[in-house]
Amino acid sequence: MGRIDDRWLTRCQQRRLTVAMTLQEKRARRAERKASEERMKKSKEEAIEHVKRGTCPVCGEKLYRNLALTGWWVCGSKGADGFRRDGKTSVEKPSCYFQCFTD
Ligand SMILES: [Zn+2]
């Protein structure tokens, strides 16, 4: 809603303006929440697909469940040398960034 010089509005008009702006904000927040829920749903669906396939979509390494958090899956090549599930070093194969959440 455009900026209105409300010095010239009656109390009733000011009240209506406030209500209208609040409704507009609520609508915007609702739309934002809906978009965010859809993004989450899509990313979860993609994660489930990766887990079903069992391989990392970035480098093809096997995916492993990280038990620290529910539904957390990470690429076997993720992490620092000595902490990677694939047992390789960053010289042998660069560390991968991929991780996803199914829950
Ligand atoms: Zn990977």
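Predicted model: local features only at pLDDT ≥ 70, side-chain atom pairs only at ≥ 80, totals over all residues.
Student: What elements are in the protein chain, and in what order do they run?

Tutor: The protein chain has one helix and three strands. From the N terminus, the order is α-β-β-β.

Student: Why is aspartate 5 called exposed?

Tutor: Count its neighbours. Aspartate 5 has 6 C-beta neighbours inside 10 Å. A residue with 12 or fewer is exposed. Therefore aspartate 5 counts as exposed. In the chain, aspartate 5 sits in the segment before H1.

Student: How far is aspartate 5 from arginine 16 in sequence and in space?

Tutor: They are 11 residues apart in sequence. C-alpha to C-alpha, the distance is 14 Å.

Student: How do you know that E1 and E2 pair?

Tutor: Pairing needs at least two bridges between the strands. Four bridges join E1 (residues 63–66) to E2 (residues 72–75), so the two strands pair. They run antiparallel. Leucine 63 stands opposite cysteine 75 in E2. Asparagine 66 stands opposite tryptophan 72 in E2.

Student: What lies between the strands of that hairpin?

Tutor: Five residues. In this hairpin, glycine 71 takes a positive phi near 75°.

Student: What makes E2 and E3 a pair?

Tutor: Apply the cut-off of at least two bridges again. E2 and E3 (residues 99–101) have three bridges, so they pair as well. The sense is antiparallel. Tryptophan 72 has phenylalanine 101 in E3 as its bridge partner. Valine 74 stands opposite glutamine 99 in E3.

Student: Which strands are the edges of the sheet, and what makes them edges?

Tutor: The sheet is open, with three strands in the order E1-E2-E3 and antiparallel pairing. E1 and E3 are the edge strands, as each pairs on one side only. From one strand to the next, the twist averages 30°.

Student: Where does helix H1 pack?

Tutor: On the sheet. H1 (residues 11–53) touches E1, E2 and E3. Its direction makes about 115° with that of E3.

Student: Which residues make up the largest nonpolar core, and what makes them a core?

Tutor: There are seven: Ala47, Cys56, Leu63, Trp73, Val74, Cys75 and Cys100. A core requires buried residues of nonpolar types, joined through C-beta atoms within 7 Å. Buried means 20 or more other C-beta atoms within 10 Å. These seven residues make up such a set, so they are called a nonpolar core. E2 supplies the largest share of this core, three residues.

Student: What does cysteine 100 touch?

Tutor: Leaving out residues up to four places away in sequence, cysteine 100 touches Ala47, His50 and Trp73. Contact here is C-beta atoms within 7 Å.

Student: How many of the residues count as buried?

Tutor: Of the 103 residues, 12% do.

Terms used: Residues numbered from 1 in each chain as written. Contact = placed C-beta atoms within 7 Å. Axes fitted to C-alpha atoms, helices over the stretch in contact; angles between N-to-C directions.
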